[in-house]
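This report describes a structure chain by chain, then turns to a few of its parts. Please keep the sequence and the 3D view at hand while reading.

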Amino acid sequence: MDKPDPSRNIKTRTKKESLSKEEHQKQLEFQKEAVVHLNSLYNYALHLTMNPDDAEDLVQETYLKAYRFFNSFERGTNCKAWLFKILKNNYINRFHKNSKEPGKVDYDLIKDFYHSIKDVQNDTSEAESDYFHSLLHEEVYQALQSLPEEFREVIQLCDIEGFTYEEIANMVESPIGTVRSRLYRGRKLLREQLEEYAKKYGFNTDKDQ
Amino acid sequence: MTMKCQNARILMSAAVDGELSLKEEHDFFMHLSKCIECKNEFEDAKKTKMIVKERIVQFKAPQSLINSIMELTSVSNIEYEDTLLHE
């Protein structure tokens with residue numbers, strides 16, 4: 001008789017195989033709690049890897065792991081934060097050896113990255129006169145990518161993903177005070193970068209509004 | 001005791017993100033009402049957050065990825081696919 005092998009990839013199970021009631025419950029709960037965050041996780045993976053194929057692998061791996069260890073997810077806490085942490089750990093294990101120097105930006109890579117993904121939201125507010133509103137997402141993205149990783153990371157988790165400081169502190173494994181100061185310094189640096197772009201367009205950055 | 005600029009800066013990001021305690025919030029905005037420099041810095045930080053929030057494009061996960069995650073949880077996945085697509 002085959003013994004169930006916990007290390008086996010869950011994906012290989014066929015649909016026809018009958019599931020225990022417990023397993024069925026787990027699946028339903030997993031869908032409700034975890035699968036709803038698929039888009040967010042994919043975007044986070046894209047930002048980390050800058051490569052759609054790697055991002056897809058990373059998300060897949062994350063969900064496999066999350067499903068396997070779903071019992072250890074603390075009910076009532078933020079499942080999205082839990083998933084992000086798993087993804088980040090996977091990312092470090094897989095890609096960190098090839099990580100780029102902090103603060104070093106490959107602008108061509110970012111350009112390619114944007115052009116390789118067609119499903120980009122349309123920009124509807126081009127006509128805005130405020131110079132910051134004239135910035136394109138590609139430029140804001142470049143500015144963000146130019147920040148040292150420790151700053152970029154907290155800005156992403158806070159401003160894009162909307163995590164609380166406590167959740168971010170847990171994810172980056174630093175005290176909340178560190179999260180606060182990284183956000184403060186990160187936003188300052190980002191602001192300087194954005195002003196560089198604004199100058200390029202000839203907007204007067206001394207005069208707000 | 002009134003807050004100094006240095007202390008206000010420590011609280012700046014948390015003020016932008018609504019992460020201050022009531023006491024901190026009171027002291028922080030008290031300081032801002034008297035210090036134009038910190039006030040400007042606060043407004044800049046708020047604006048920077050808004051730009052990131054509004055300008056960074058969120059991509060949709062490709063269908064192939066959605067499908068493979070669905071396979072993980074293959075029971076009654078049809079209604080689920082719906083909620084994902086309409087998210």
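In what order do the elements of chain B run from the N terminus on? They run α-α-α-α-α.

## Basis of the report

This is a predicted model, in which local features need pLDDT of at least 70 and side-chain atom pairs count only at pLDDT 80 or more, while totals for chains, interfaces and linings use all residues. Residues are numbered from 1 along each chain as its sequence is written, and chains are lettered from A and ligands numbered from 1 in the order in which they are written.

The model has an ipTM of 0.80 and a pTM of 0.75. Chain B has a mean pLDDT of 84, with 82% of its residues at 70 or more; pLDDT is the predictor's confidence in each residue, from 0 to 100. Over residues 76-82 of chain B the pLDDT is below 50. Beyond near neighbours in sequence, this stretch has five contacts in the model, a contact being two residues whose C-beta atoms, placed from the backbone, lie within 7 Å. Where pLDDT is low, the predicted coordinates should not be read in detail.

## The two chains

Chain A has nine helices and zero strands, and chain B has five helices and zero strands. Helices (H or I, at least four residues) and strands (E, at least two) are DSSP runs, numbered from the N terminus.

Of the 209 residues in chain A, 29% are buried; for the 87 residues in chain B, the share is 32%. A residue is buried if 20 or more other C-beta atoms lie within 10 Å of its own, exposed if 12 or fewer, and partly exposed in between, with C-beta atoms placed from the backbone. Among contacts between residues at least 6 apart in sequence, those that join residues at least 24 apart make up 68% in chain A and 52% in chain B.

## The nonpolar core

The largest nonpolar core has 58 residues. Such a core is a set of buried Ala, Val, Leu, Ile, Met, Phe, Trp, Tyr and Cys residues joined through C-beta atoms within 7 Å. Tyr42(A) and Ala45(A) have the most contacts inside this core. Helix H2 (residues 38-49) of chain A gives the most to the core, with seven residues.

Leaving out residues up to four places away in sequence, Ala45(A) touches Ala55(A), Leu58(A), Val59(A) and Leu87(A).

## Helices H8 and H9 of chain A

How do the axes of H8 and H9 of chain A cross? The axes of helix H8 (residues 165-172) and helix H9 (residues 176-200) come within 9 Å and cross at roughly 100 degrees. H8(A) is therefore roughly perpendicular to H9(A), a term for angles of 65 to 115 degrees. Axes are lines fitted to C-alpha atoms, for helices over the stretch in contact, and angles run from 0 to 180 degrees between N-to-C directions.

On H8(A), the contact is made by Tyr165(A), Glu166(A), Ile168(A), Ala169(A) and Val172(A). On H9(A), Ile176(A), Val179(A) and Arg180(A) take part.

## Two loop residues

Glu173(A) sits in the loop between H8 and H9 of chain A. Its phi is near 55 degrees, a positive value in a residue other than glycine. Glu173(A) counts as exposed because it has 9 C-beta neighbours inside 10 Å.

Met50(A) lies in the loop between H2 and helix H3 (52-68) of chain A. Met50(A), also a residue other than glycine, has a positive phi, near 60 degrees. With 17 C-beta neighbours inside 10 Å, Met50(A) is partly exposed.

How values were computed
Parallel < 35°, antiparallel > 145°, perpendicular 65-115°, else oblique.
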